[in-house]
Amino acid sequence: MVKYLAQFHKNSNNQYEVYFPDLEPYAATYGNTFEEALQSAHDSLTGYLLTQKDFHEKVPSPTHNIEKINIPSSDFLVSIQVEL
């Protein structure tokens, strides 16, 4: 099991854009609702990590200290946990 922090940003179309600060620009997604974006974030993270594993590529370690991630005040972080 692994956890990465996802940054959620609500854009001008009221969609949620999702970025993984530790994995930018490689893992990103969006959803029309928060629930969609949350599921897409889980799927995106799983897909990225499995692809990296298949190609024996190094994956950056997740940041566990939220204070080390600088985000705009309108954005928020959610911990996304996946089982590989």
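Predicted model: local features only at pLDDT ≥ 70, side-chain atom pairs only at ≥ 80, totals over all residues.
Two strands are said to pair if DSSP finds at least two bridges between them.

β1 and β2 form a hairpin with five residues between them. Look for Asn14 in the turn, which has a positive phi of about 60°.

Seven bridges join β1 to β4, and the two run antiparallel; Lys3 stands opposite Gln81 in β4. Put together, the four strands make an open sheet in the order β3-β2-β1-β4, with antiparallel pairing. Its edge strands are β3 and β4 (76-82), each of which pairs on one side only. On average, neighbouring strands of this sheet are turned by 30° against each other, direction ignored.

Next comes the helix. α1 lies across β1, β2, β3 and β4, running at about 50° to β4. Ser44 lies in helix α1 (residues 34-54). Buried means under 20% relative accessible area, so Ser44, at 17%, counts as buried. Leaving aside residues up to four places away in sequence, Ser44 touches Phe20, Ala27, Ala28 and Thr29.

Finally, let's look at the aromatic rings. A pair of aromatic rings is described by the distance of the centres and the angle of the planes. Counting ring pairs whose centres lie within 6.5 Å, there are six aromatic pairs. In one of them, the rings of Phe8 and Phe34 have centres 5.3 Å apart and planes at 45°, so this pair is tilted. Because Phe8 lies in strand β1 and Phe34 in helix α1, the pair ties together parts that are 26 residues apart in sequence. Phe8 is buried, with a relative accessible area of 0%, whereas Phe34 is partly exposed at 26%.

Phe8 also forms a stacked pair with Phe76, at 5.4 Å centre to centre and 10° between the planes. This pair links Phe8 in strand β1 with Phe76 in strand β4, 68 residues apart. Phe76 is partly exposed, at 31%. Phe8, Tyr16, Phe34 and Phe76 form one aromatic cluster.

Note on methods: Residues numbered from 1 in each chain as written. Heavy atoms only, no water. Buried < 20%, exposed > 50% of the residue type's maximum accessible area, 1.4 Å probe, protein only. Contact = heavy atoms within 4.5 Å. Axes fitted to C-alpha atoms, helices over the stretch in contact; angles between N-to-C directions. Phe/Tyr/Trp six-rings, centres within 6.5 Å; stacked < 30°, edge-to-face > 60°.
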